[in-house]
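Here are a few notes to read beside the model. Keep the 3D view open as you go.

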Amino acid sequence: MLYGYGGHVLRVDLTSGQIRREKTDPDYMLQVIGGRGFNSTRLFDELKRDIDPLSPENMLLIGVGPLTGTLLATSAYITISGKSPLTGILGDSAAGGFFGPELKHAGYDQIVISGRSQKPCYLVIADENVEIRDAAELWGRDIWETTAAIRQALNDNAVQIAAIGPAGENLVKYATVACNNSRMCGRTGMGCLFGSKRLKAVAVRGTGRSTVADPPGYLELCRELDQRILDHPEYAKRKAMGSTLLMKALNGIGILPTNHFQEGLCGYVDAISGERLAQEYKVKNKSCYNCNLHCSRYYLTPEVESEGPEYETLCSYTSRIGVDDLAFALKMNAFLNRMGVDSLSSGETIGWAMECVQQGLFSSDDFDGLDFTWGNKEVVEKLLHMIVYREGIGDAFAEGTRNLARRFGKGSEQYAFHVKGLDMICGDPRGIKAFGLTYAIASRGGDHLRAEPFFELTQRFDEAEKRWGIREIADRLSDKGKAVLVEHTERQALLTDCLTMCKNVGLSMDILDFDFAARLLQTGCGLKFTPERVNEALKGVIERDRLLNIDFGIDASQDTLPKRFTHEPLKKGASKGNVVPVDQMVKEYYLIKGWDKNGVPPRKR
Amino acid sequence: MITLDLEKCSGCSRCEVHCSFFHSGKVGRSGARIKVVKIEELGIDYPVVCQQCGERYCTKCPEKAIEIGSLGQVLVSPTLCTACGTCETLCPIGAIELFEDIPLVCDLCGGNPRCVNACTLDAIHFAPDQSEVVQLKEFKKAGRGLGPEEKRLRYSLSRSQWLRDQWISERSA
């Protein structure tokens, strides 16, 4: 008897229509744990390397963690993986909500989708009964309509759905997949991958119940985790604002991206802050399955209503592009949620265009007459519509910033802020050095969640000394020891992803450590997950991810940051004068990893 | 009975999770006696649970397997119950549902309801001395022929309308 795990892997080939259920192998799971680790290992083992990401040969994997859908709080995520249409390397993205637990209760640990359907379709999973249905009626509809229509068609409001919107259908390279309407698998274009397979949605209903190996022991650990969350010093703040608390927090330390990272200090931050959102537009808290933090919010404005937004969306559609209008950002959030567009990547294309116009590289004549001056809301709204439907210049913007800048040329590539094709998140790395290193080495490109080295922001100097013997690790402006921190939190972040848990809880709130996770896995799954074994598994996954990316053409030259962050010091605010000494940190990181100076693990040499 | 502060509910379903775990050591909606209805496009989350209604529809059990406990809770006799499903059909709001041939309905965990303890938003309360009796007659006719999930959805839609109205009037204020 396999505890915790759903017990099956579901394989669906959309070309042939063949559906197959395999049993989950406990020995294999000891090496990959679940979730992201399970997904990327399967890609490593089974994916042909030199394929077009949009071809039927690409794989689309949906994984859940071993403890998802059990008593364990904050483990409601799913991870969707494949070769990224946006970056051409390892792609994956996670989202919370209710889909993951439902998939578990239906008896699955992973869905493996291959091929391409002749016609638009959607997948319906009801426990062991799985069918591919015609999606002619759904194609063209937005995510909210799609979710409602599927629930109606199946006559069951409790069905959980992961769906794409028109952006995914139209192969916008950074299209998203949404769970529960507004929980986005946002990054690396997994929605585009759905679209390329003509898969509109996956609907799942599980009537089973998850079991654990040692219920009393497990209950005790789950209570401890609940308590750690409730007792956290930031609990009240996080519950009130969720990640949007970062607007003022990051501005306070001078790293809130403003006018496309030209500054880290935003003069009108109070107008666009998480505080203002909570006070003026929020009507109630929202939550993922079985969470006691409730960090998400439902809001109404005079024009729209939606769940969210998270910090990255809020910043992307305010200060990063020079917009001081909170209600506008909330309207765009609802639009992006409905259409299924990643806020970070779409926001970066806009920031790039605005900066290029300011620098005199291009004018409105180059952009179908659209006037990209900072904060031009009308143009932003119009462009987003053009991106979703690939109309006019929107077609080029839909390819992502890296491709957009390559096409326009004239040196505009220097203003395309991405790493390995993935647009950078909203945290100026010049004031958070470990994050800078993280963006540079992250296996899916310019992203913080691969390591989320939040510890460097805590000023817990004694704790840094105790854990790693390097006090400066708790100093965000120092680069000393940051490679040590990132190597550590990269494993912690992967652990969180393997358990498909929430990174806010796991990392930002510093609640999940290896020993605790091992105890959870032992009492939950009944397998011999010792802390050492867990760490071996994590190291194995990180190495395979690197090897996979090397096969996809990644080398050390791409483990870096756009020049602005390494050469232009911030001019104002609490991080003034700083740049990121990224090359030095990357070298140290390789050394700790045992990789050679080209960033190649021993197994490959 | 169990009462609800709807405006505080985030839809996290911890009530559902802990209910299921307490009663069976396992976790899943099927094993829960309180079930959260999510109406995504309206932002409504509604935990549906036995209201100990004035009508007591479920007590018309043909096998006389259902009686009312001292706390007003519904008690199902496992020896008398034949899993005929009459109680599930009779309940107008989907608060009783059979799973593995057992009618699952809130038993107040014998007086210490786990859903109340699990809720960290103070949205669910245990009110043992509730004097106001809930009438569910209005849902009876419309619920005829529907399954428990549909009945719960209709009930939640109806009982959350006031909150929607409140939000919308606050927005225009």
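1. Does A:Thr373 count as buried or exposed? A:Thr373 counts as exposed, because it has 11 C-beta neighbours inside 10 Å. The cut-offs, with C-beta atoms placed from the backbone, are these: buried means 20 or more other C-beta atoms within 10 Å, exposed means 12 or fewer, and partly exposed lies in between.

2. A word on the source. This is a predicted model: local features need pLDDT of at least 70, side-chain atom pairs count only at pLDDT 80 or more, and totals for chains, interfaces and linings use all residues. Residues are numbered from 1 along each chain as its sequence is written, while chains are lettered from A and ligands numbered from 1 in the order in which they are written.

3. Now place A:Thr373. It is in the loop between α13 (343-358) and α14 (377-388) of chain A. Chain A has 24 helices and 17 strands. These are DSSP runs, numbered from the N terminus (helices: H or I, at least four residues; strands: E, at least two).

4. Look at its contacts. Leaving out residues up to four places away in sequence, A:Thr373 touches A:Met354 and A:Val357. Contact means C-beta atoms, placed from the backbone, within 7 Å. A:Lys466 is 93 residues from A:Thr373 in sequence and 50 Å away in space, C-alpha to C-alpha.

5. Step back to the whole chain. Of the 605 residues of chain A, 61% count as buried. Among contacts with a separation of 6 or more, 70% join residues 24 or more positions apart. The C-alpha atoms fill a box of roughly 65 × 60 × 55 Å along the principal axes.

How values were computed. Contact = placed C-beta atoms within 7 Å.
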